[in-house]
Amino acid sequence: MMKFRLCLDKDAETEWLNRMAANGWAMKRFFAGFYSFEKCEKGEYVYQIDFGDRMYAVSDGYREFMQESEIEIVQTWGYWVILRKKASEGAFELYTDAASSLQHYKKIRRMFKVAAIVEMICLFMELYGWIVHNISIAFFFMFVIGAIIIGCLNMVIKLNEKIGLLQEQVDGIAYDVKHKRISTLLPAGLLLNSCAFLIRESVPLYFKYFIQIAAIVLMAVGLFMTYRKK
């Protein structure tokens, strides 16, 4: 079985993979948002996702440590390492104390910050191509990149909250949690608008207008939800 899913939050992705395993589907492969699953005994595996130090690879020491711990490296993708262990082997946790969890999430936050900066540079390049050189396809990529930037910034905000709570456990200093995040409807609207631009020649005009109106509604609701969130 194959499923498509875009997920920036590794904790949410871990929960989803474990729900699938609990229902008898073990993830065996991943590529660009497409997850391949195979049948397994319900609850046979427990999944965890780690953040490595290398792109699409792990060190020999890391691999040997996982083998000794009877943990299987299912997939590497970018810096992400998807792991699983037989549930019969007992509890499976990667970071069991606040200090190590704190460093783990700081590394992830750093990655999203860098990604946001790189995407912003790409956004200005596409804007330049559209305005100066009249490259029409650049307009499409501007919306896509904008949605990616919002997703990265949203993760930075979310990770700030998590890191603050962990810092509180380490330092014993109270942290004021502010659940303020960018609504996912906003990037969804940007992506939908980019799709409308991309298919403008292949669909009836009224259908394109319908998609663009829907995109505007999504973005407007997303802005409203972002503003009112406490």
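## Helix H1

In helix H1 the residues Lys10, Asp11, Glu13, Thr14, Trp16, Leu17, Met20 and Ala21 are buried, where buried means under 20% relative accessible area, exposed over 50% and partly exposed in between, with a 1.4 Å probe and protein chains only. Helices here are DSSP runs of H or I with at least four residues, strands are runs of E with at least two, and both are numbered from the N terminus. This is a predicted model, in which local features need pLDDT of at least 70 and side-chain atom pairs count only at pLDDT 80 or more, while totals for chains, interfaces and linings use all residues. Residues are numbered from 1 along each chain as its sequence is written, and side-chain values use heavy atoms, with hydrogens and water left out.

H1 has 13 residues and reaches 18 Å from its first C-alpha to its last, close to the 18 Å expected at 1.5 Å a residue, the expected span being 1.5 Å times one less than the number of residues. At the N-terminal end, Asp9 caps H1 with a side-chain oxygen that lies 3.0 Å from the backbone nitrogen of Asp11. Just after H1, Gly24 takes a positive phi of about 95 degrees.

## Ala22 and its contacts

Ala22 belongs to helix H1, which covers residues 10–22, and with a relative accessible area of 40% it is partly exposed. When residues up to four places away in sequence are not counted, Ala22 touches Lys42 and Gly43, a contact being heavy atoms within 4.5 Å. The C-alpha atoms of Ala22 and Glu44 are separated by 7.3 Å, although these residues are 22 apart along the chain.

Leu205, Tyr209, Ile213, Val217 and Val221 make a nonpolar surface patch of about 460 Å². Such a patch is made of residues with over 30% relative accessible area and no salt bridge, with nonpolar side chains (Val, Leu, Ile, Met, Phe, Trp, Tyr) joined within 5 Å; a salt bridge is a side-chain nitrogen of Lys or Arg within 4 Å of a carboxyl oxygen of Asp or Glu.

Ile213 is found in helix H6, residues 205–228, and counts as exposed because its relative accessibility is 53%.

## The chain as a whole

The chain has six helices and six strands, which follow the pattern β-α-β-β-β-α-β-β-α-α-α-α along the sequence. Of its 230 residues, 38% count as buried. Among contacts in the chain with a separation of 6 or more, 62% are between residues 24 or more positions apart.

Technical notes
Patches are made of residues with over 30% relative accessible area and no salt bridge: like charges are joined within 9 Å, nonpolar side chains (Val, Leu, Ile, Met, Phe, Trp, Tyr) within 5 Å. Accessible areas come from the Shrake-Rupley method with a 1.4 Å probe; for residues, only the protein chains shown count as cover. A polar contact is a pair of N or O atoms within 3.5 Å; within protein, one must be able to donate a hydrogen and the other to accept it, and residues adjacent in sequence count only if both atoms are side-chain atoms.
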